[in-house]
Amino acid sequence: MSAVMNQQVMRLAGVLQLQERARTAPPGELAFILVNETMQVAGYEQAALWDARSSRIAALSGAARPEPGAPYVAFLERLCRRIIRTTDAATLHEPSPDGLEAEWAEFLPPHVLSCPLTDRGRVVALLLLARQDPWAAAETQLLTALSGSYAQSWELARARRLPVAPANRRRLRRWGIAAAVLGILALGAVPVSSTSIAPAEVAAATPLFIRAPFAGVVDSIAVAPNAEIHAGQVLVRLDRRQLEMQQSVAAKSVDVADAQYRQATQEAIGDPRIREQLAVLRSKLDEARADLEYRRSLLARADIPAPAAGVAVFNDPGEWIGRPVETGERIMLVAPPTSARIDIELPTADTVTLEDGARVVFFDNINPDRPVEGRLVFASYATSLSASGVLAYVGRADLESGTALRLGLKGVAKIYGPPRPLALWLFRRPVNWLRELLA
């Protein structure tokens, strides 16, 4: 009794597995599963699946596909049509004297079980199972239960969506293209903030420039580059030798003019003609004295002091020693060691509309992960040649309060301009190139 129960349980498990297999099978494999894997529930020698829609044999056990027009296939199609006309339930069949007994004996074993696959009261297919041994009632019940799942899986596999008519397909394609074009145009019209990246450097906010007070030659630089200095400290010494010589000559000129004036004063007492020359001699003496004072003042200004405390910013001192300078030529600048102002060189190829108060973000080369924000306070109207030989606009920006960056620290600045359409911003360079090409 236990062996019989185990066999029934195994058959029931096989039914459940076949139901899941049929439900998840691809449409092209379902017919093959129905005629070949049903053997897990009940053994048979031959199986055939007949499709009610086409009235044709859809699959045969042990064959890749049925051969239309073959005698065996034609016999099965006639047999299935006769069975469908006479019954709609699982039925056992044997050869009968109705004209098919001769072919039956040739093509099929004597015991045939027909299992109609019925969905919502309509037969959608017919599964024929044939073997030499008689069919048991338990096997018939299991196959009847399995036929309902087979019918639903068969209908689901054969259900197809209605094809789209060519005219509708073309219409849908045109609508899709139009929608895509409109979407791209709408996206291109979205306003975005125009930005540009430019090299920048920390500069002094209130620099004091050290300039040559007169034309001369630099004798020495008294401080090192970027050295801290105090107010009144000598920074630059100009050559004093020529000035001292000119002062000596001016002093002798004063002595000569004074002696001439004194002698003329004494002689003028008795000579009226000499009395008339006293005014000329007096003016020459005053001129000589003024020249001497001028030479003394130049000599006093040969040592250039620092106007305030700070840092001396200049390049290599060796470039200045022995170099002639003109009046007002800048030698160095004095400024606090830190600053919150940056100078920006924006190339003309990457320019945006520079407006006072525009947002600026500065990324220095030492700590690029800690950007500092600021506002543009100056923008040049004309371009100038930068140190790298590129035409650029010059801008200045004050960083947020509390910022203290070392003078000369370099980095890049991101400048935000007014909003522009996305398409214009993306294609600005091709547009400029095309404009130059057509100009």
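**Entry 1: T403**

I looked up the side chain of T403 and found that it reaches the backbone oxygen of E400 at 2.7 Å, where a polar contact is a pair of N or O atoms within 3.5 Å, and within protein one atom must be able to donate a hydrogen and the other to accept it, while residues adjacent in sequence count only if both atoms are side-chain atoms. I note that this is a predicted model, in which local features need pLDDT of at least 70 and side-chain atom pairs count only at pLDDT 80 or more, whereas totals for chains, interfaces and linings use all residues. Residues are numbered from 1 along each chain as its sequence is written, and side-chain values use heavy atoms, with hydrogens and water left out.

I placed T403 in the loop between strand 20 (391–399) and strand 21 (405–406); strands (E, at least two residues) and helices (H or I, at least four) are DSSP runs numbered from the N terminus. T403 counts as buried because its relative accessibility is 16%, buried being under 20% relative accessible area, exposed over 50%, and partly exposed in between (1.4 Å probe, protein chains only). Leaving aside residues up to four places away in sequence, I found T403 touching S339, A340 and V372, with contact meaning heavy atoms within 4.5 Å.

**Entry 2: salt bridges**

I then turned to the salt bridges, of which the structure holds 20, each being a side-chain nitrogen of Lys or Arg within 4 Å of a carboxyl oxygen of Asp or Glu.

One of them pairs D303 with R237, with the closest N and O atoms 3.8 Å apart. This pair links distant parts of the chain, since D303 sits in strand 11 (residues 303–305) and R237 in strand 10 (residues 234–238), 66 residues apart. D303 counts as partly exposed at 26% relative accessibility, and R237 is partly exposed with a relative accessible area of 35%.

Within helix 8 (residues 272–300) I looked at D286 and R282, which lie 4 residues apart, about one turn of the helix. They form a salt bridge whose closest N and O atoms are 3.8 Å apart; D286 is partly exposed at 38% relative accessible area, and R282 is partly exposed at 35%.

I also recorded the salt bridge of E329 with R323, where the closest N and O atoms are 3.2 Å apart. E329 is partly exposed, its relative accessible area being 22%, and R323 is partly exposed with 34%.
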